[in-house]
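This briefing goes through one protein model, topic by topic. Please look at the sequence and the structure first, then read the points below beside them.

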Amino acid sequence: MKKRVLFINPGKNDYFTVGRIHMGQTLLGGMLKRQGHEVLVMDYAFLRGLRGNIRVPEIEEVVETFKPDVIGITVFTYVYNECLSMIERISMSTDAPIILGGPHFIMFPGDFGSDTRISYLVRGEAEDVIKDLVVTAKKEKTPVSIDCTLPSPEGIPAVNLDIAYGSEFLSDYQIQLSRGCPFDCTFCNVKMVAGKRVRLRDLSLCVRQIIEAKKRYPNIRTISITDDVPTINKNRFKEFLKMLKNANLDCELTVDNVRADLIDEEMIGLYVSAGGQNICLGVESGHPEVFEMTHKGESLEKIAVAAKLIRKHGLTLGMCFVIGLPGDNLKRHMASLRFAKTLKPDYAFWNMCVPWPFTEVRQWYEKNGTIGELRNFSTLIDPMVNYQSPPAFTAQFPPEDRIKAWLMANMQTYWFDIRSLGKLAREAARYGLYRPLLIFAFGKTLHTIKMRLEFLARNFKQFGLYFTAGKVLRKLRQHARI
Ligand code: SF4
């Protein structure tokens with residue numbers, strides 16, 4: 001029996017908009033579409049950014065007009081409250097069975113277990129179960145739990161963007177060339193979500209999928225590689241870069257989650273020639289002892305060498321730090337800040353440490369600190385200086401010190417928006433952070449101008465005048481709309 005399937009990704013009510021459409025939903029939805037089901041994806045995280053371009057219907061209107069037989073909702077821990085509210089609104093509008101999935105259930109397997117509004121809880125990657133589940137789905141009295149096995153790389157299909165509302169405005173196409181990560185970083189939950197065995201997808205197939213997506217959606221201007229550890233096989237990633245360059249797509253390329261010990265100069269050169277824009281290195285901590293305790297299996301020296309190579313090739317350099325890892329304190333945090341200032345990243349993420357269930361960091365905090373509520377905590381850094389209390393702390397690194405560390409780091413690496421200066425001044429007065437405030441106040445504008453000029457120069461070199469001018473015009477229009 002053919003069904004009408006509605007997938008929903010609830011968005012967070014915060015400053016951020018997402019330029020990408022939820023990959024899991026368009027991928028599972030694509031599988032169902034090929035089976036003959038009618039599928040609609042409402043990714044509100046993406047659609048929030050389109051308000052002003054198109055009318056985005058509220059979920060009640062979508063349910064009323066689409067009349068779904070089955071509803072799937074992705075739950076991320078940081079949008080837990082938004083998911084609760086979405087479930088409430090949906091269950092007031094329809095009796096269709098609700099399936100919940102997403103990474104939240106790997107970390108919190110007991111959540112929603114007795115919620116009678118939910119019919120199914122899916123844990124893990126759902127490619128191998130979704131077809132049967134949709135066909136047999138019915139309203140259950142209490143949620144039925146379904147544990148999934150990880151699909152083989154051949155079992156990971158292409159996304160289908162046609163089924164996503166607003167996809168004609170998509171500018172950022174994301175793809176995974178592999179899933180899984182073999183490393184054992186103590187703070188990371190990827191091994192629970194995607195497994196330790198790396199599943200490598202067929203590269204020619206991936207490149208074909210990118211080419212087809214670009215043909216069908218000409219507004220796509222960025223290709224984002226979102227593997228857990230994309231360069232795990234350096235030669236394979238170089239091969240991919242060559243194939244992408246030969247495809248001549250006139251698209252920028254970005255890559256998430258890069259390890260310093262898995263890049264080299266040849267790769268960076270190929271990355272630039274394939275349209276590469278930035279590389280963000282995971283540093284975590286610049287303090288040797290804290291760094292050692294992360295069990296990353298690489299060294300700060302390697303990170304420094306990689307950062308210099310990235311700069312040498314004119315790419316935007318990003319760095320990712322975690323505040324409050326085991327052994328960290330305010331004094332040790334200063335070593336991270338010094339490390340960042342020496343290597344001068346164009347941008348740095350200073351994330352608060354979140355002791356995710358089943359990680360070693362969690363065990364450490366259970367012995368040595370206090371863990372608060374992780375649901376709804378977002379590690380995204382709001383440029384307008386709205387922040388939540390740290391979700392964990394220790395006697396050596398109490399919440400006030402963590403906030404202080406976060407503020408001073410984000411000021412000195414120019415993350416905040418210049419429009420937040422008044423608010424920052426009040427925070428600086430509260431925490432005695434006058435020097436970081438001055439650095440931010442005098443450096444932010446210059447930093448922004450420098451970054452933009454470098455960006456334009458690189459774009460001009462990579463894609464020529466037409467592409468660069470088009471980009472400038474789009475940005476100006478965007479600003480005019482804001
Ligand atoms: S932080 Fe990156 S390299 Fe480390 S385990 Fe997680 S995904 Fe793997």
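In strand β4, G101 is the bridge partner of T74. The model shown is a predicted one.

**Strands β3 and β4**

- Strand β3 covers residues 70-74 and pairs with β4 in the parallel sense, over 4 bridges.
- Why is β3 described as largely enclosed by the rest of the structure? The reason is that 5 of the 5 residues of β3 are buried.
- Strand β4 covers residues 98-101, with I98 and L100 pointing one way and I99 and G101 the other.
- These residues of β4 are all buried as well.

- Strand β1, residues 4-9, runs parallel to β3 and is joined to it by 4 bridges.
- In this pairing F7 stands opposite G72 of β3.
- Strand β5, residues 120-123, runs parallel to β4, and 2 bridges join them.
- Here the bridge partner of I99 is Y120 in β5.

**Domains**

- The domain assignment divides the protein chain into domain 1, residues 4-153, and domain 2, residues 171-461.
- Their C-alpha centres are 28 Å apart.
- The contact between them takes 27 residues from domain 1 and 33 residues from domain 2.

**Residue I163**

- Where is I163 found? I163 lies in the loop between β6 (144-147) and β7 (172-175).
- Is I163 buried or exposed? I163 has a relative accessible area of 3%, so it counts as buried.
- Leaving out residues up to four places away in sequence, I163 touches Q25, T26, G29, G30, K33, V39, L40 and V41.
- I163 and L317 are 154 residues apart in sequence, and their C-alpha atoms are 35 Å apart in space.

**Residue N81**

- N81 has its place in helix α4.
- With a relative accessible area of 41%, N81 is partly exposed.
- N81 and R362 are 281 residues apart in sequence and 23 Å apart in space, C-alpha to C-alpha.

**Ligand surroundings**

- Which residues are around the ligand? They are C181, F183, C185, F187, C188, V190, D228 and R259.
- By class, this shell around the ligand holds 6 nonpolar and 2 charged residues, and no polar ones.

Note on methods
Residues are numbered from 1 along each chain as its sequence is written. This is a predicted model: local features need pLDDT of at least 70, side-chain atom pairs count only at pLDDT 80 or more; totals for chains, interfaces and linings use all residues. Side-chain values use heavy atoms; hydrogens and water are left out. A residue is near a molecule or strand if one of its heavy atoms lies within 4 Å of it. Ala, Val, Leu, Ile, Met, Phe, Trp, Tyr, Cys and Pro count as nonpolar, Asp, Glu, Lys and Arg as charged, and the others, Gly among them, as polar. Buried means under 20% relative accessible area, exposed over 50%, partly exposed in between (1.4 Å probe, protein chains only). Two strands pair if DSSP finds at least two bridges between them. Domain bounds come from an automatic or database domain assignment. Contact means heavy atoms within 4.5 Å.
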